[in-house]
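Me: I am new to this structure and would like to learn how to read its main features. Could you take me through them one at a time?

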Amino acid sequence: MFELNGKVALVTGANTGIGLETVITLAKQGADIIINYLHDEEKAEAALAKVKSYGVEAILIKADVSSMEQCKEMFEKIKEHFGKIDIVVNNAGITKDNLIIKMSEDDFDKVVNVNLKGVWNVCKIATKLMIKKRTGRIINMSSVVGFMGNAGQTNYATTKAGLIGLTKSLAKEVGIRNITVNAVAPGFIESLMTDVLGEDVKEYFKKNIPLGVLGKPEDIAKAVVFLASDEAKYITGQTIHVNGGLI
Ligand code: NAP
């Protein structure tokens, strides 16, 4: 089940958190891996060593997904090294939280550029390659916040809701070429992104999560691997909610 031998998978923002767990889980299923990251070289090197320990081929590519130019360079490197791309997981994401009356325009633009435009950039290039091969899997990392909203996150929630429209539209464009496009919407997951939340906020969410605990990156990675696998070949334009029952 979920066997990915011979597949090549790119995960953006894969040196830590959900992305790191995703590359590890894909590698365990036999996929060769491209680990994209932007800032933390040390974590990227550690992620590379971990992924390679599963006996797959893996490379690191430093690139800012919000830059179309850097995305093009990233895919040139992927083509040179692997000659194809089978699975793309658009996981890179940032937060810059504040109430709208205090949020700067720059903090709105930055979050939109990475979380939404970045996914569009990667999808635009990846689909071209996938269309030629008549096969592909794209998985976009949305969020529970895109569905329920969250005070202080008008920028972030906008991007995560927007990704659902992007996912559904692209699924309709490329379905005929045997490419599926789906989203995973995590709830509150233990990672650097949620480490910064106060204990009171974490307690509030735990009380409102029917399963009573925050999720772990591996909970998300498993849903991604399912969508990337042949077992999910008739699923497209959908969102899998992995949130302990929060919504
Ligand atoms: P995280 O630990 O903060 O990791 C974010 C990753 O994105 C890092 O690898 C970071 O790389 C990378 N990144 C940031 N800006 C980038 C850019 N411009 N270009 C390329 N890579 C970039 O976050 P996480 O919690 O694992 O979240 C991963 C995804 O899940 C995000 O899209 C997030 O919105 C979504 N999500 C998370 C939660 C949660 O509770 N944690 C819930 C719902 C959705 P560097 O460190 O090198 O900058």
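Reply: Asp 40 is partly exposed, because its relative accessible area is 30%, and the class runs between buried (under 20%) and exposed (over 50%), with a 1.4 Å probe and protein chains only. This is a predicted model, in which local features need pLDDT of at least 70 and side-chain atom pairs pLDDT 80 or more, while totals for chains, interfaces and linings use all residues. Residues are numbered from 1 along each chain as its sequence is written, and side-chain values use heavy atoms, without hydrogens and water.

Me: Which side chain does Asp 40 meet in a salt bridge?

Reply: A salt bridge puts a side-chain nitrogen of Lys or Arg within 4 Å of a carboxyl oxygen of Asp or Glu. Here Asp 40 pairs with Lys 43 at 3.8 Å, N to O. Lys 43 is also partly exposed, with a relative accessibility of 33%.

Me: How many salt bridges does the whole structure have?

Reply: The search finds 7. One of them joins Glu 190 and Lys 216, at 3.1 Å from N to O. This pair links distant parts of the chain, 26 residues apart: Glu 190 sits in the loop between β6 and α7, and Lys 216 in the loop between α8 and α9 (217-228). Such helices (H or I, at least four residues) and strands (E, at least two) are DSSP runs, numbered from the N terminus. Glu 190 has 39% relative accessible area and so is partly exposed, and Lys 216 is partly exposed at 37%.

Me: Where do Glu 203 and Lys 206 lie?

Reply: Both are in helix α8, 3 residues apart, which is about one turn of the helix. Glu 203 is partly exposed at 37%, as is Lys 206 at 30%.

Me: Which residues line the largest cavity?

Reply: Among them are Thr 12, Val 65, Asn 90 and Ala 92. The largest share, 4 residues, comes from α4. Ala 92 lies in the loop between β4 and α4, and Ala 92 is buried at 16% relative accessible area.

Me: What is the volume of the largest pocket?

Reply: The largest pocket has about 1200 Å³. A volume is the space filled by probe spheres set on the points, which are joined across faces, edges and corners. Of the 46 lining residues, Ala 92, Gly 93, Ile 94, Thr 95 and Met 193 lie nearest the centre of the largest pocket. Elements giving two or more lining residues include α1 (17-28), β2 (32-37) and α6 (154-174).

Me: Which residues are closest to the centre of the second largest pocket?

Reply: They are Thr 135, Arg 137, Asn 178, Asp 230 and Lys 233, out of 20 lining residues. The second largest pocket holds about 280 Å³. β5 (136-141) and β6 (179-186) each supply at least two residues of that lining.

Notes:
1 Å grid on protein atoms, 1.4 Å probe; cavity = no way out; pocket = protein on both sides within 12 Å on 5 of 7 lines; lining within 4 Å.
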